[in-house]
Every structure is written in C-alpha cells, then in structure tokens.
Amino acid sequence: MKSISLGQYYASGSILHKLDPRTKVLLGMLYIVCTFLCKNIIAFGLLFLSGILLIAIAKIPFKIILRSLRPIIFIMLFTVVINVFWTTGDRLLFSWSFINIYAEGLYNALFMAIRIIMLITGTSLFLTYTTTPIQLTDAIERLLAPLKRIKVPVHEFSMMMTIALRFVPTLIDETERIMSAQKARGADFSNGSLVKRAKALIPILVPLFVSAFRRADELATAMECRCYHGGEGRTKMTVTRMQGSDITALFAMIVFGTVIVLINYYAAKYGIGYTM
Amino acid sequence: MSQPFIKVENVSYSYDEEINLIPAVSGVSLEIEEGSYVAFAGRNGSGKSTFAKLLNMILEPSDGKIYISGKEIDVNAMTDAELMETRRNIGMVFQNPDNQLVATIVEDDVAFGPENLGVPSDEIRRRVDDALKTVGMSEYAKSEPQRLSGGQKQRIAIAGIIAMMPKCIIFDESTAMLDPSGRREVVDMMEKLNREYGITIITITHYMDEAVRADRVIVMDGGRVVMDGTPEQVYAEPEKIRAAGLELPQCAELVCRLREKGIKLDGCCITPESCAELICRALEVTSNE
C-alpha cells in the first residue's frame with residue numbers, strides 16, 4: 001500500500017512539536033496578527049528574521065518550506081506587480097509614458113511579499129508541519145468547547161473531521177480499485193476532450209459514492225455498538241495540559257507583537273526607515 | 001441453577017414487512033450460558049446475522065422477548081444508560097475491518113469505546129495497553145491501521161471491544177474477508193478470549209471448519225434454528241447440514257463418504273486428529289478380521 005501523507009506533518013521532534021496543539025493554534029493566529037501589524041521596514045526585517053528563527057526551532061529543512069511556497073508564487077508576483085506600478089508617492093524613480101515607478105511602490109511590493117511569505121510559512125509551521133491533523137481537530141474542538149453552550153455542535157464537527165481524515169486513504173484505495181476495474185472493461189480516462197474525460201469519470205464516481213454510503217452505514221453501526229452517543233459524558237485517553245513551555249511560547253509571541261507595534265510607533269515618530 | 005446469560009423467547013424479525021413477507025428471523029427460542037462458545041452457522045440469508053444484531057439492540061425484534069442476564073431488553077422501556085450497559089456487555093466485531101475502525105492511530109481507536117463510556121483517562125490508558133497486549137498488538141500501538149494486514153486490523157477491532165470489558169463478544173462473519181492466516185489469527189483469538197478470559201463468544205460464520213471449534217453449533221436456515229448441539233452431534237447428521245445449504249468440515253465429509261462406500265466407521269469425528277484415529281481403528285479392525 002502506498003503511503004498517503006495527509007497535510008505535511010514533518011516529524012522532527014522539535015520543541016515546537018511537543019507544544020500543546022491548542023497553543024499552536026493560538027500561536028498561529030497571533031502570528032497572522034503580527035504579520036499584519038508590521039508597518040515599518042525594521043518591523044518587516046524583524047518579521048523575516050522571526051520566520052527564519054521559527055524554521056530553525058522547528059527543525060524543518062528549508063527545501064520543504066520553499067516547496068510549500070511554490071503554489072503562491074503567482075499570487076505573490078501579482079501583488080508585487082500591482083504594488084510596483086500602482087503605488088504613487090513622492091520619490092519618483094522611473095517614468096516612461098504612463099508607467100511611473102516610485103520608491104514607495106518598491107518598498108510596498110517588498111513588504112507585501114514578506115507578509116505573504118511569512119503568513120504561509122508561519123501558519124504552516126504551527127499548524128501543519130508540527131501538528132498532525134488529528135491533533136489539530138482535537139485542539140479546535142477543545143478551543144471551541146465554550147461554544148457548546150450556545151448549541152454549536154463542536155464535538156460532532158470534530159468527529160466528522162476525524163472520520164473524514166481516517167477515510168481519505170481508504171477511499172483513495174477504493175477509487176484506484178474502481179478505476180482499474182473500469183479500465184479492465186475498456187474505459188478510457190486519458191484520451192479525448194475535456195468533456196469526454198469528465199464524462200468518463202461518472203462510472204467511477206457512482207460506485208465510489210455507493211460504497212462510501214455503505215461504509216458510512218457500517219461504521220455508524222460499529223460506532224453504536226461501541227456505545228457512541230455523541231460528545232456528552234465522553235472522556236479522552238490523552239488529555240494534554242498547558243505546560244510552562246506553552247505559556248512561555250504564548251508570552252514570547254505576545255512580546256513579539258508588542259515589539260512590532262512599538263517599532264512602528266517610534267519609527268514613524270522619529271522618521272526612521274520607510275513606513276507604509 | 002443460575003439463569004442463562006442470554007435467553008431468547010420466540011423472537012421474530014422482519015426487515016420490511018410490506019416487501020418481505022418472509023421474516024429474516026422467525027420464532028427463535030434458545031438460551032446461551034455465560035462463558036460458552038457458540039457458533040451460528042447458516043447459508044447467506046439464513047437470518048444468523050440479523051439474529052446477532054437483535055442481541056445487542058442494533059435491531060429491535062418485531063415479536064418475542066430477549067433477556068440478558070435475566071433482564072428483558074426493550075428499547076422503549078430502557079433508559080439510555082441501560083442501553084449503553086447492554087451494548088457494553090455485548091461487544092460486536094464486524095466483517096469489514098476497514099469499516100469499523102474510527103481513528104487514524106491504533107491506540108486511539110482502541111480507546112474509542114472506553115472514551116464513549118466516560119472512563120477516566122488513566123484507566124483508559126491502562127485498558128488500552130492491556131487490550132493491545134491481549135491481542136498481541138502492543139508494538140503497533142502508534143501505527144496507522146491502514147498499514148496493517150486484514151487479520152491485524154481485525155485484532156485491533158477486537159482490542160477495541162475488549163477495552164470495554166464486555167461479558168460477551170459477537171463475531172459477525174469477522175473472518176469472511178480475511179486470508180487463511182488472518183482467519184487463523186482471529187479464530188485463535190476467539191478461543192483464547194473464551195478459554196482464558198471466560199468471555200462468552202458467539203461467532204457467526206459459514207466456514208464449517210471454524211464452527212467446529214466452538215462448544216456448541218447452532219445451524220440456522222430460513223430464519224429458524226434447524227440444528228442445535230455439540231459439533232459432534234450436529235455433524236452426525238450430514239444430510240440435515242447439506243439441506244441447510246452448508247458443507248461439512250473436510251474430515252467429517254471424508255468419514256461420511258467412506259461410510260457411503262460401505263466402510264464401517266464407528267463414532268463421529270470433527271477434528272483431523274480424531275478423523276485419523278477413526279480411520280486407523282477401522283483399518284486395524286479390517287486387518288484383524
């Protein structure tokens with residue numbers, strides 16, 4: 001059976017891996033806020049350094065991080081181009097017919113690029129590279145637990161996520177099996193127009209759905225037999241507790257955010273560097 | 001005399017009364033002692049699986065009464081806690097191992113049952129470790145079920161049931177999708193659970209070789225019990241077994257055919273060893289004559 005890795009969990013056993021998943025969800029959110037707080041070139045420099053530091057702490061190879069940035073290259077180029085050509089300011093660097101490039105435009109383009117890169121790197125460092133999908137659903141369930149009071153089905157949602165994750169590999173196997181079976185009967189999935197190829201998928205989807213429903217039915221019976229009755233009165237085998245390291249990490253992140261705000265304020269006040 | 005663990009009185013069940021005029025289970029009455037090892041055999045559609053689902057209240061009988069440990073089980077009259085207690089006591093392992101595992105990590109799946117019961121965390125940990133040890137899967141505690149073989153997955157499913165500490169485990173054709181070695185793993189496990197832990201085992205199968213290993217074999221056909229007794233008693237009547245659409249275990253088949261050829265064989269046999277002995281004795285008799 002081929003290995004299907006969900007998400008991009010990278011087991012390097014760093015300190016970041018050992019943090020409570022709830023802490024990592026919170027850290028991820030705070031980090032996003034931090035990327036948007038940055039306004040000054042010094043702040044952006046600090047943000048960039050923090051990203052590199054985090055990668056080093058998580059012991060994730062740079063190659064893997066770069067690979068995860070590949071899908072956003074287009075969006076990044078697009079924002080860079082927009083910023084370079086459409087920002088107006090005081091310092092005109094280059095002008096030709098209708099194209100005016102200002103220094104502010106170049107700065108803004110650089111800032112946006114760093115922001116997007118750090119947004120992706122930061123969140124994936126906390127939420128996917130160092131946290132398994134199951135830990136993540138668990139963390140979300142526990143963080144959202146207060147919402148149960150206002151009848152939000154938090155437990156049901158997280159159970160659905162868990163089961164979906166559990167069945168992804170099973171259903172991929174099943175799809176491959178059905179495809180082989182249809183190929184053996186002369187189905188052709190690789191030739192013809194787009195419409196034709198899309199139509200060729202119908203004989204795969206129908207049996208796949210039928211079997212998925214049958215599986216769901218059997219799983220529901222099996223869960224009932226194991227006394228599943230929703231989230232009420234349910235306990236957990238492993239209860240992670242917030243530890244000193246979690247508190248320290250959250251504190252460090254808050255300090256980082258505060259420092260960025262202060263840098264923005266004083267840099268703007270004394271006119272150090274460029275502020276967007 | 002203590003009361004029987006499971007007592008079934010004249011129970012019938014129809015899936016859809018308008019479409020199916022023939023009930024899946026009709027008028028079954030029997031008793032199962034605690035700590036026994038019972039095999040239900042029958043061809044497809046004989047009602048054996050349906051009957052099993054009635055015992056832990058996945059289905060409700062259309063007619064008749066079921067008593068577990070002397071208490072009548074009736075969904076409408078029971079509280080949720082009583083229903084859970086019944087289901088906890090009577091665990092069930094199904095046919096397709098893929099469709100009964102809930103979690104992506106072995107030990108999380110084993111913990112699923114006790115978690116539902118609201119067992120405290122450290123107690124769950126202990127139970128999960130014990131259950132995995134019982135089924136001999138301790139070293140796979142952190143593995144992903146999808147990387148295991150069918151037999152191993154089925155043992156994980158059994159561990160998930162054991163962790164709930166049931167009095168009885170029903171195996172609903174749990175070996176049907178496994179290869180021979182996987183089947184052996186699971187059947188050995190059933191025997192171990194019965195002999196060493198005193199858990200009542202009810203196995204539903206159409207493999208006669210498996211049914212033979214039980215203390216009692218109940219043959220069903222058309223929703224009714226057609227034979228009931230020790231394996232020796234049941235296989236002493238090959239015609240009835242064939243009429244129920246089943247095959248004899250290989251050695252019983254051999255003895256049966258030898259008899260048809262006019263060779264005199266006394267007694268009956270169900271295991272290869274007893275079969276060999278029987279034939280040896282017959283050979284001795286003929287050589288002495």
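**Reading strands, faces and patches**

Student: Let's start with strand pairing. Which residue stands opposite B:Ile90 in S7(B)?

Tutor: B:Ile90 faces B:Cys168 there. This is a predicted model, so treat what follows as a reading of computed coordinates. As for the strands themselves, S6 of chain B (residues 90-93) and S7(B) are paired in the parallel sense, with four bridges.

Student: Which strand pairs with S7(B) over five bridges?

Tutor: That's S8 of chain B, residues 200-205, and the sense is again parallel. For a spot to look at, find B:Phe171, which has B:Thr203 of S8(B) opposite.

Student: How do I read the faces of S7(B): covered or open?

Tutor: Take one side at a time, and remember that buried means under 20% relative accessible area. B:Cys168, B:Ile170 and B:Asp172 are buried on one side, and B:Ile169 and B:Phe171 are buried on the other. Put together, five of the five residues in strand S7 (168-172) are buried.

Student: Now the antiparallel sheet in chain B. What is the strand order?

Tutor: The order is S2-S1-S4-S5, four strands in an open sheet. Strands S2 (25-32) and S5 (71-72) of chain B have a single partner each, so one side of each has no neighbour in the sheet. At the S5 end, two bridges connect S5(B) to strand S4 (residues 63-68) of chain B. B:Tyr67 is opposite B:Glu72 in S5(B).

Student: Why does B:Leu117 count as partly exposed?

Tutor: The partly exposed class runs between the buried cut-off of 20% and the exposed cut-off of 50%. B:Leu117 has 24% relative accessibility, so it counts as partly exposed. This residue belongs to helix H3 (residues 106-117) of chain B.

Student: And which residues is B:Leu117 in contact with, leaving aside neighbours within four places in sequence?

Tutor: From chain B there are B:Met84, B:Arg88 and B:Met164, and from chain A there are A:Cys227 and A:Gly233.

Student: Last one: which residues make the nonpolar surface patch of about 780 Å²?

Tutor: A:Phe74, A:Ile75, A:Phe78, A:Val81, A:Ile82, A:Phe85 and A:Trp86. Take A:Ile82, which sits in helix H5 (residues 73-86) of chain A. Patch members need over 30% relative accessible area. A:Ile82 has 38%, which makes it partly exposed.

Note on methods: Residues numbered from 1 in each chain as written. Chains lettered and ligands numbered in written order. Predicted model: local features only at pLDDT ≥ 70, side-chain atom pairs only at ≥ 80, totals over all residues. Heavy atoms only, no water. Patch = residues over 30% accessible without salt bridge, like charges linked within 9 Å, V, L, I, M, F, W, Y side chains within 5 Å. Areas by Shrake-Rupley, 256 points an atom, 1.4 Å probe, with all protein chains shown as cover. Salt bridge = Lys/Arg side-chain N within 4 Å of Asp/Glu carboxyl O. Buried < 20%, exposed > 50% of the residue type's maximum accessible area, 1.4 Å probe, protein only. Pairing = 2+ DSSP bridges. Contact = heavy atoms within 4.5 Å.
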